[in-house]
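Have the 3D view open as you read.

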Amino acid sequence: MSKNQLGCIPEDSHLQHRVHNLYRMHYIISFASISSEVLLYVGILMSLFCRWLEFGHSYSLILSVTVCSAPILLIVLKNFYFDKTYDGVYKNIYIFYTGLMMAVSSLKVLCTENVLGVTQDVLNAFFVMHCISKCIVFILERFTGVATIGKSILPMNYVWFLCGCCLSFLFYSDEFYIYWLSLVTLAFYACALTMKSYWAFFNIFVVLFVIKHSYVTTPVLAVNEYAMAAIGIHVLAEPTLNCFFHPSSVFDRWTWFFRIRAFYRFISLFALFAIEISFFIIAVKSAVESTDQPFFTIPGLVILAILWVFLHFIFFITLWQVNSKLSDCIDEKQELGGGVLRKRMATLGMRHLCIISYRFVLAAAISTWLLIISLWWHAPALTYIQLIVPCELLILTLFGELSSQVGGTCVCYALLSPNSLHLKPGMPIPPSIVQEQNSRSGELLLRIQSFFHANILDTYACDYSTNALSSSHLNAKLSSFFSSRTPDGLPYDTYFLYYCGDTLSNGDWALADDATMSLPNILTAWNSKASPSSRLIIFVDSSSAYSWLSQVKKLKHDCVGLQTRRANGKADLESGSGSKCGRFTLSWLDFNNDSSDLQVVGVPVPSMAAYSVSSAWANYTFRLPTQQDVISHARLSFPFVTVPIIRLIFALASVRCGWLFCYPLCDLLRRWKLYYCPPKVLDTGHGFYLLSS
């Protein structure tokens, strides 16, 4: 944004102040980004020069290349900042050159002696300062909304950076293939984090241990660990932050894969099978050949290898079944939106299949981790087998998302009572306002019914009342609504209650004879009729319902969500503001219709939107299959010899004691994240979202 553009802003002090703050923040981020690059290149040049003095001719070539390529780099930077015609090409050249220089500076650790007064600690300090400043830039970009997050699973700037690193390792290291495998592993983890795999985030620490064990402790593969950390920051920092700051869900990130042709999906499955088997064989073979104690090592490796092969046989059969089911859900001749795709998956039993298959994938991933632990003493084998982990974590995250977000049942009850009953004494309702309210209420009722139908949600009733509602009638309706069940006799996963009408200043619904319907009254009816495995979503379109937000947030045991809007000044019926009944609902419906393809990034959130959820919301899951369902699936889908292993997997998965230190911690972290950092767009799993502006 230029200063000329700032001069065209209307004379609004609040707007000008906000724009000036954004303008100032843009310059702060740009300055921090340039400072980070300066720190990096100062460290690189000092490292190259000192290593040339120390190692002599072995670094003369790279120093010559650096000096000769410096003018080219300056021309690229000048054109990148001042000529935007080919900014993409210039940027890729700069990124490739940066990867090349960082990889070269990471090889061969310096001696402890001083060289021209520059110690190893000073060189390392430049890399540390670069890493810190780079992370600060990434965080500021996401907090201010400056960062542009693309849809690609691995953006081209990462590809160019990794190509530069690979080229450098090819010419200046005899063990270049080990470095290449590590870079490919980092690329796989970047893809996993871009696809919002939280398992990959926790497994990064294992990767850091593997790299440190492989390189830092091995004299042949000696590297500067601070420079290698800078390479890791360049590759993994942005995907890690996007894993938490990107508003789209895991399902959104996988939509592109769902929509490709079935032939290419099956080809990718065979490619995954070939990669896993190849690296498994190479890793085990190299570990067996280089062991010093074969009588103790080989039997354990054989047992783990047999377990790995057996579990991955089940794993690949599971992937084939899910891929076939996905082909049944998608019509290649019809462009399906994300919401329609979810509903079709639910209709064809995709969620049920993924819940059962999730434990198979988890067992396969655990067998890979056990193999990694058994190979910790052999660095090359450890590097080979580590490549398999991010692929399995990606699939594990996808199955977990399909298990939790696809296929929930939902029943809806909409209630419209737009007449204003609790006005100041002597304030009549103008006839024009009443007519406009009735007209808007009729349109709103049709839109709500269409919304329920489009999202394949069961409709209990859509009531429109021009008169006051009695307390007894509403209580009977709510009790009947909360008692409703699916055609199979099971309780619904979600009960959606909509109300648009008069409320008091404390948010309670205004009824006839000065009666009210408060949130505790609704929860009392809910707890007496509904199932403990269900959740309640309340939508109240009223300017006073924001008073319920804090009450819902304090709930401990009930799984309840509230969607409403914040207060926007006092209603003045004579000026026509009272005719705004239902406007927020229409904006909310427009948002969910526009985001039907689950691309919510570019869809504006309605102003004044607000939602609140109870603490139990973070740990809510849809109905799980029973043990009998699992055994029936195993007998129909897998060879008979695998049924005992499948029984054992589910017996171990059903015992939570083994995860005593994992499940409570994960539940607590999810609750804290939802309480302290609630997303602006919260996915309900039924094709619509709860919004907060």
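## The sheet and its strands

In this predicted model, strand E3 (residues 494-501) and strand E6 (residues 535-540) run parallel and are joined by six bridges. If you want a landmark in that pairing, look for Leu497, which stands opposite Ile538 in E6. The pair belongs to an open sheet of six strands, ordered E2-E1-E3-E6-E7-E8, with mixed pairing. At the edges you will find strand E2 (458-464) and strand E8 (609-613), each of which pairs on one side only. From one strand to the next, the twist averages 10 degrees.

Which strands does E1 join through bridges? E1 runs parallel to E3, with eight bridges between them, and parallel to E2, with six bridges. Tyr413 stands opposite Leu497 in E3, while Leu415 stands opposite Asp463 in E2.

## A covered strand

E1 is mostly covered: eight of its eight residues are buried. In a regular strand, side chains alternate between the two faces of the sheet. Here, Cys410, Cys412, Ala414 and Leu416 point one way from E1, Val411, Tyr413, Leu415 and Ser417 point the other way, and all are buried.

Helix H19 (residues 519-529) lies across E3, E6 and strand E7 (560-565). Relative to E6, H19 runs at about 150 degrees.

## Where two helices cross

Two packed helices are described by the angle between their axes and the distance between the axes. For H14 and helix H22 (residues 627-637), the angle is about 85 degrees and the axes are 11 Å apart. H14 is therefore roughly perpendicular to H22. On the H14 side, the contact is made by His352, Leu353 and Ile356; on the H22 side, by Asp629, Val630 and His633. The residues of this contact divide into three nonpolar, two polar and one charged.

## Ser367 in H14

Staying with H14 (residues 350-374), let us turn to Ser367, which lies in this helix. Is Ser367 buried or exposed? Ser367 counts as buried because its relative accessible area is 3%, under the 20% cut-off. The side chain of Ser367 reaches the backbone oxygen of Ala364 at 2.5 Å. Leaving aside residues up to four places away in sequence, Ser367 touches Trp308, Leu311 and His312.

Tyr198 is found in helix H8 (residues 198-216). With a relative accessible area of 33%, Tyr198 is partly exposed. Which residues does Tyr198 touch, not counting those up to four places away in sequence? They are Cys243, Phe244 and Thr397. Tyr198 and Thr397 are 199 residues apart along the chain, yet their C-alpha atoms are separated by 7.3 Å.

Finally, take a look at helix H10 (residues 250-259), which is mostly covered, with eight of its 10 residues buried. The buried residues in H10 are Val250, Phe251, Asp252, Arg253, Trp254, Thr255, Phe257 and Phe258.

Notes:
Residues numbered from 1 in each chain as written. Predicted model: local features only at pLDDT ≥ 70, side-chain atom pairs only at ≥ 80, totals over all residues. Heavy atoms only, no water. Helix = DSSP H or I, 4+ residues; strand = E, 2+ residues; numbered from the N terminus. Buried < 20%, exposed > 50% of the residue type's maximum accessible area, 1.4 Å probe, protein only. Polar contact = N/O pair within 3.5 Å; in protein donor to acceptor, adjacent residues only side chain to side chain. Contact = heavy atoms within 4.5 Å. Pairing = 2+ DSSP bridges. Axes fitted to C-alpha atoms, helices over the stretch in contact; angles between N-to-C directions. Parallel < 35°, antiparallel > 145°, perpendicular 65-115°, else oblique. Nonpolar A, V, L, I, M, F, W, Y, C, P; charged D, E, K, R; others polar.
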